[in-house]
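Dear colleague,

Here is the structure I promised to pass on to you.

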Amino acid sequence: MKKSSAFIMVVPGLVILAVCLFLPLLRVILPTIPAGEYPLSSYVEFFTDEYYLKIFLRTVKVAVITTAVCMAAGVPTAYFISRCGKKWRGILLAVSIFPMMTNSVIRSFAWINILGSNGIINQFLIAIGLIEKPIQLLYTDFAIIIGSVYLFLPLMIVTVAGVMENIGDDMMEAAQSLGANRLLAFMKVIFPMSLPGIIVGGILVFTGTLTAYTTPQLLGGNRNMVMATFIYQRAMSVGDWQGAAVIAMIMIVVTLVVIKGFNALASRLDRRGGNHA
């Protein structure tokens, strides 16, 4: 194929990227650079404001904990699913994906019924005598994390299971034949070979949690604001579009840093040192 023909085929995609990605991104960046002032003054103001910084740190904390929990629960679950027969594998994957078929608002309201003062958990704890009055579970960071894990755990399971399915049982058998127990064989053989899926799953969970709006709004409330709900407040309630643009840019930068961090971690864990995401 001639270079001119190949270029013509690429042009429609480049136009779509320019119109749908680069131009909107440019419109987000430009308002964050005040004319005639220090270019990064808006960002410096954000990170020197104690209230803004608290929201930023809360958002990162929730995203990190959610990602860690999803990895800890998702990797073993994905391994179990990948080692089941074809019939059961399909059923278990369907069960894993099923929560994603429900609207996030409905799922959040379900957790409100579970975590609320008159919810299932408080009623159970009172019934067995562990507490005398309901404890505050709803509208806390804990509630946001629980809701986020429930929301994004299926992504981790499906992503990692898709990679582990391609790892043959003979790899585990070979490691065990050399004296390794199942846990050591998993950590030395299966885990390193599953890094591409784990990294992609981790990125999806982290960025999804970082940018989620519905779950933090319903389960965290206004007292436990995160960056996504903060953007909405600044833009829609206060009318501070410049401040909202600053927050959006910070979230974009954090996402890029996390992607690079996952790749760097993968290079250290996997001696092959290749990029996985």
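Read along the sequence, the chain follows the pattern α-α-α-α-α-α-α-α-α-α-α-α-α, with 13 helices and zero strands; helices (H or I, at least four residues) and strands (E, at least two) are DSSP runs, numbered from the N terminus. This is a predicted model, in which local features need pLDDT of at least 70 and side-chain atom pairs count only at pLDDT 80 or more, while totals for chains, interfaces and linings use all residues. Residues are numbered from 1 along each chain as its sequence is written, and side-chain values use heavy atoms, with hydrogens and water left out.

Confidence comes next. The average pLDDT (the predictor's confidence in each residue, from 0 to 100) is 86 for the chain, and 94% of the residues score at least 70. Where pLDDT is low, the predicted coordinates should not be read in detail.

As for the whole chain, the C-alpha trace spans about 75 × 70 × 30 Å along its principal axes, and 39% of the 277 residues count as buried (under 20% relative accessible area, with exposed over 50% and partly exposed in between, for a 1.4 Å probe and protein chains only).

S108, in helix α5 (residues 104-115), is buried, with a relative accessible area of 2%. A polar atom of the S108 side chain lies 2.9 Å from the backbone oxygen of S104, and, not counting residues up to four places away in sequence, S108 touches T214, T215, L218 and L219.

Y139 belongs to the loop between α6 (120-127) and α7 (141-164), and its relative accessible area of 36% makes Y139 partly exposed. The phi of Y139 is near 60°, a positive value in a residue other than glycine. Most residues other than glycine have a negative phi.

L14, in helix α1 (residues 3-29), is partly exposed, with a relative accessible area of 46%. Together with F7, I8, V10, L17, L21 and F22, L14 forms a nonpolar patch on the surface, with about 690 Å² of accessible area together.

With kind regards

Methods
A polar contact is a pair of N or O atoms within 3.5 Å; within protein, one must be able to donate a hydrogen and the other to accept it, and residues adjacent in sequence count only if both atoms are side-chain atoms. Contact means heavy atoms within 4.5 Å. Patches are made of residues with over 30% relative accessible area and no salt bridge: like charges are joined within 9 Å, nonpolar side chains (Val, Leu, Ile, Met, Phe, Trp, Tyr) within 5 Å. Accessible areas come from the Shrake-Rupley method with a 1.4 Å probe; for residues, only the protein chains shown count as cover. A salt bridge is a side-chain nitrogen of Lys or Arg within 4 Å of a carboxyl oxygen of Asp or Glu.
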